[in-house]
Amino acid sequence: MKICTSRDGRFSFFGLFESRLLRVKYFSLHVTGGMQDYNYVWASCFEITLELSCCKYPPASQLLQEWENNRESLITLIEKVHIGVAGFVKDSVTGSGLENATISVAGIDHNITTGRFGDFHRLLVPGTYNITAALIGYMPLTINNIIVKEGPATKVNFTLRSTAASATPDTTEVVATASTVALLNLSPGTQSSHQPIQPKDFRHHHFPDMEIFLRRFANEYPNITRLYSLGKSVESRELYVMEISDNPGVHEPGEPEFKYIGNMHGNEVVGRELLLNLIEYLCKNFGTDPEVTDLVRSTRIHLMPSMNPDGYEKAQEGDSISVIGRNNSNNFDLNRNFPDQFVQIADPTQPETIAVMSWMKAYPFVLSANLHGGSLVVNYPFDDDEQGIATYSKSPDDAVFQQIALSYSKENSQMFQGRPCKNIYPNEYFPHGITNGANWYNVPGGMQDWNYLQTNCLEVTIELGCVKYPFEKDLPKFWEQNRRSLIQFMKQVHQGVKGFVLDATDGRGIFNATISVAEINHPVTTYKTGDYWRLLVPGTYKITASAQGYNPLTKNVTVKSEGAVQVNFTLVRSSTNIESKKGKGASTNTDDSSDPTTKEFETLIKDLSAENGLEGLMLRSSSNLALYRYHSYKDLSEFLRGLVMNYPHITNLTNLGHSAEYRQIWSLEISNKPNVSEPEEPKIRFVAGIHGNAPVGTELLLALAEFLCLNYKRNPAVTQLVDRTRIVIVPSLNPDGRERAQEKDCTSKIGQANARDKDLDTDFTNNASQPETKAIIENLIQKQDFSLSVALDGGSVLVTYPYDKPVQTVENKETLKHLASLYANNHPSMHLGQPSCPNKSDENIPGGVMRGAEWHSHLGSMKDYSVTYGHCPEITVYTSCCYFPSATQLPSLWAENKKSLLSMLVEVHKGVHGFVKDKTGKPISNAVIVLNEGIKVHTKEGGHFHVLLAPGVHNINAIADGYQQQHSQVFVHHDAASSVVIVFDTDNQIFGLPRELVVTVSGATMSALVLTACIIWCICSIKSNRHKDGFHRLRQHHDEYEDEIRLMSTGSKKSLLSHEFQDETDTEEETLYSSKH
Ligand SMILES: [Zn+2]
């Protein structure tokens, strides 16, 4: 979306609602008065100020109405940005764009100037105009009678003649287009004289050479490139990706993302060189060639020239059919290394594979191709089938895959003929140069199927030629054969249907909404800004958008062959009765923040929840942490004291109790007001070291504490988080066990239990026997004032959520799972669910998250106790396979977990903040709040309560002595807290009857009951004495928890092992063909 075009060609969109005057502005800088004038005079950006209401400061009750009144107009305004005239001003001889040329419209006394590439966009209302382009040193040029219509901009290009050059006839092009999509389909043929610049660098680039090439282009074209790395190969070579986009580093809402991956097999090198050629081609032609410029403007392109840089260095020029250099340095075939839908992949997941999977989950890719060699064909999913035989294995999107595969093969005449490599495979024939993967031969563990099944991205595999490593002299020929195909394939990302899913109440995008197409069983989901893309072949479809907590919406959509249709879905929340509840006492209120610092903090939380929000925080913060050694008990105590000495205003160190051997169990509080109770602030705790042999968590928490202190009053985001959160860190729960454990002992259980040989994570019961557990229960959990608890442990890489004990149903499971997923998703590899720990290398944990009982069921765990008796959700994070890894691994463990730990600090500010009062405004403490008929919390002093809940709609019941029960519904956002104010009426109605009446009636009933009971008891006691046992049993019944444990302990032993025996996957057939893709 584009609102302001400034001179450097970048643009921005911010909608800001200036509450003071209730005027609405759109702008990109700070308001210091007269900003719209500044924009108009000094930049080529239009800004308007709208007077929205006669009343400058209307009562809050009218705000919703104001929004309703203006919503349509505001959206229309945003759409209008496309209206007008757009194009380029170019030099008639060189064809290059002319910067700073003046564009003037006859009769309008305001000129704009062209951007760096000669580009301009002049907003105009519909009408007919005469427009002039002028630049010093050139003959001005006027084009008359340019028609501007409603809708996308009319395209006008000016070609200016230098005043120094000899006279040549004017060549001007005026292309009026009916839709933005048509812009993309301008092939070079329609441009009378323009010829794009072809790449010149045709040679084999070994790693250092490739690295310099990439850095060179990133350096020469900083406005459209960003060079980044996904991580390192086995031999520590960077896995580079070049991003090419008009806004590098940013996902522009609505703009699809595309990727090419080359050289996955190290000896198949053509793709690697073609992608370097493509980088050169896109960079050199942006701003001058309309096709390239439009593609780069409308698409975020990611190019990965080499997925297997180690293998490449082993391969040999001239290689046609060998496998030397095919695999990575650990000798695994990367295109057999992805989790598969039919076959259990036994090989350990390789670093290159993990890096690429992580990347694919992080970006909203829509379309992709994986470039190989050894044949000449485009191969599309699925790549294997249930039986493991060569047969057509259709995906639900078979038609789309055929269309995008054809878009490539059609432009490569040799490929299109369909008879590749006649001397190696004489009988092979692929009609039109495309084939279903499994129909050719089975590839279990391939990358393209994983893309399709695990992300929203459609990927095909392209075989570029029979020779895997051709001689250098042949490289120009490969570019010539594939250059049109490479571009045409990228353009396919603009097919089908695209748009936004928006919340009808506030107009914001809905993240993770589902877009499903009737009769195609492959839904896609929206990205963070609510945007989605669904590739489809031409036809008419029934498309449904749905999201949790909203009413689904279905539309009939016709897809044409040229360009994507924009279809937006505005969803209405399914909780329609929030408003109607208002008069009756309970009210939900998400806009209650008159306090400007509160508003600022809400914005911060939103920003930190957005894409790259936490990365930004980490980049701007200092983290010169000396995390190079482990802290024994003595070091730990000194470290904590040191923090308190250095940061006395924001820290407080207390002792929760002592261990069996009388070591202290330290608790460090970090807050702007340590020692003071602030019940309105959410409280979070981090606990580590329950198992003394797994001390990584302890070190991570010390690093977190130091990070927060170091950046307080230095980094604004950290400062605000510390100011508004009460953070409690308990780094070592089992100091005795920790003293016994040994560094680099990855599997030993020495130190796991405490000094009395009790595993503390089985001692959290009402009869806790150990001093450590008692200290945590009494001084932490039973305070019941925490909103979230994060426990750190070791021995795998995953997050578990309650319960650890086997139970049939988990209350509030959605929220617990949401919190666990949040941690896993912010970790670079945890969410992939492949811990690859020795002895359990085939373990697969979907999303890196599992219920405790499903992973390792046990009774008496800390998190079960925390949920049941502390009313606080707790998750357990397992940070590494090795219990006690070498200290040299600590820096990377901190790097992996830092973002996740910080995300918990952000998350604790979401959910529902509530305030309970009576009609007179008096706060009611100790009221019971029941959520979704399950979990209960109590209001704190001052009537506050806070509870974390998964995004969506939740029911709230509030109960307090002497008042009538109140019911309410609340909508929870993924990036902001919701607040609820519950107002109790005095309880003068019970079941709809006057209170006095009910009391009288029930009084009478009670008397009758007591009388009857007496008579029965008298009669019975004459007969027998045994009834006393009955009373006895009733009294014993209080401890349900213990009973449940006793019941369940006889129940299930988890049978995760069932997968371990399905290991016969290596078929002969596969080895036979393994030298192909
Ligand atoms: Zn290959």
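## A serine and its surroundings

Leaving aside residues up to four places away in sequence, Ser 306 touches Met 210, Leu 239, Gly 262, Asn 263 and Arg 272, where contact means heavy atoms within 4.5 Å. The side chains of Ser 306 and Arg 272 make a polar contact at 3.1 Å. A polar contact is a pair of N or O atoms within 3.5 Å; within protein, one must be able to donate a hydrogen and the other to accept it, and residues adjacent in sequence count only if both atoms are side-chain atoms.

Ser 306 is found in the loop between β17 (300-304) and α7 (309-314); helices (H or I, at least four residues) and strands (E, at least two) are DSSP runs, numbered from the N terminus. With a relative accessible area of 1%, Ser 306 is buried. Buried means under 20% relative accessible area, exposed over 50%, and partly exposed in between (1.4 Å probe, protein chains only).

## Basis of the model

The model is predicted: local features need pLDDT of at least 70, side-chain atom pairs count only at pLDDT 80 or more, and totals for chains, interfaces and linings use all residues. Residues are numbered from 1 along each chain as its sequence is written, and side-chain values use heavy atoms, with hydrogens and water left out.

## The zinc site

His 265 (ND1), Glu 268 (OE), Glu 268 (OE) and His 372 (ND1) coordinate the zinc ion at 1.9 to 2.7 Å. Donors are N, O and S atoms within 2.8 Å of the metal (3.2 Å for Na, K and Ca); water is not among the atoms, so sites may look incomplete. Along the chain, the donors follow the spacing H-x2-E-x103-H. His 265 lies in the loop between β16 (257-262) and α5 (270-285) and His 372 in strand β18 (residues 365-372), so the pair ties together parts that are 107 residues apart in sequence.

His 265 is buried, at a relative accessible area of 0%, and His 372 is buried at 1%.

## A hairpin

Strands β40 (residues 928-931) and β41 pair in the antiparallel sense over 4 bridges; two strands pair if DSSP finds at least two bridges between them. Val 930 stands opposite Lys 936 in β41. The hairpin has 3 residues between the strands, and Asn 932 takes a positive phi near 50°.
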